[in-house]
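Q: I have the model open and would like to go through it with you, a bit at a time. Can you take my questions as they come?

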Amino acid sequence: MTAPLSDIRVLETGTLLAGPFCGQLLGDFGAEVIKLEDPGRGDPMRQWGREKPHGQSLWWPVVARNKKSVTCNLRTEEGQALVRRLVEKADVLLENFRPGTLERWGLSYEELSKINPRLILVRVTGYGQTGPYSPRAGFGSIGEAMGGLRYVTGEADRAPSRSGISIGDSLAATYAAFGTLAALHARERTGRGQVVDSAIYEAVLAMMESLIPEWGVAGYRRERTGPILPNVAPSNVYPSADGSDVLIAANQDTVFRRLADVMERPDLPADERYATHGARGENQAELDDIISAWTRTIPSAKLLSLLHEAGVPAGGIYTAEDIIADPHVQARQAVIEVDHPEFGKLPMQNVAPKLSGTPGEVKWAGPALGSHNEEVYQGLLGLTGDELADLRTRGIV
């Protein structure tokens, strides 16, 4: 089957995560992603990650999968000239430098669109391309804070918490990929490209549900509430007899009655304190105490089996080991193994979402630095072997 983006060529010039994750998403669905990296050290993501077997990052094989690595010194005039030649043959240029960087290099959208009017320039930054904060350095954590996520994450009696992943970067990249697809669709009608401006703080803000109108209309400010959603009960993390925590979400009236049946507590739905969604929300803490007293008497596996059989949404809190071992994950191939020269069979998350007719695919893990120089510079641009060798000698590629 032909992947849905197999006719799209993307030049990726970003580093770390915000831009490259967008490139990963596009590459997952078949786009030819040519990643331009600094000849000396490549993308710093090659060195990131706590665990480094064989001295290799375990982050890089995922975020750079399906990409072609080409070295190019963008800070040199000759490197910039190579970008212009590649732009002639590209559909998308993806970058996540500070605003103004491409312009200083003579690679502004105004200049590049003269070379290729159909080019789509995708720009991922902390604050966006305009506004008083746009020149600032903006990492994902800062965008998470400004977008409102950090303030509501964690326990009420301590400082705001990190989510455990680089969610701000990933959200900005996901919105950038969505914007890229929208711009490609619009190009079919107009024949022209455009700029996709994805700011980390705005991507986070876009996910904040009713946070803004709650304050603007009702004067209500959301606070950190740990594992619960205030006034939505029961929906919490509950203990089991073997020490494993179990999530139970039974806040809907019909589902709560099912939970009460499993607990052999038909009195609970009949009690005016717990009879309705609103009443359960008002008495959330007391209800959670009742449920916890029941769950901690039952081993987690048995508890989950009882809840699933009764049609009560429930689940364990998975580690990576749990994810890999889960039969549902295995049946849907949500985790796959990809061949890697150092690691052998390397497990990683599969492409999401699944398409029935033209699915995405992981063809290869993140490549070695410059491993596609000949293919791109000679095969695509037509440079001779001597020309490429000269550029390599002078540190251009």
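Q: Which residue stands opposite Leu 94 in β4?
A: Glu 12 stands opposite Leu 94 of β4. This is a predicted model, in which local features need pLDDT of at least 70 and side-chain atom pairs count only at pLDDT 80 or more, while totals for chains, interfaces and linings use all residues. Residues are numbered from 1 along each chain as its sequence is written, and side-chain values use heavy atoms, with hydrogens and water left out.

Q: How many bridges join β1 to β4?
A: Strands β1 (residues 9–12) and β4 (residues 92–95) run parallel and are joined by 3 bridges, where pairing requires that DSSP find at least two bridges between the strands. Strands here are DSSP runs of E with at least two residues and helices runs of H or I with at least four, numbered from the N terminus.

Q: What order do the strands of that open sheet have?
A: The open sheet has 6 strands in the order β3-β2-β1-β4-β5-β6, with parallel pairing. At the edges stand β3 (67–71) and β6 (195–199), each with a single partner strand, so one side of each has no neighbour in the sheet.

Q: Now the aromatics: which residues do ring pairs link into a cluster?
A: The cluster consists of Tyr 127, Tyr 133 and Tyr 201, linked by ring pairs; rings of Phe, Tyr and Trp (its six-membered ring) pair if their centres lie within 6.5 Å, and planes under 30 degrees apart count as stacked, over 60 as edge-to-face and the rest as tilted.

Q: What is the geometry of Tyr 127 with Tyr 201?
A: Tyr 127 and Tyr 201 form a tilted pair, 6.5 Å centre to centre with 40 degrees between the planes. Tyr 127 lies in the loop between β5 (120–125) and α6 (140–146) and Tyr 201 in helix α8 (residues 200–205), so the pair ties together parts that are 74 residues apart in sequence.
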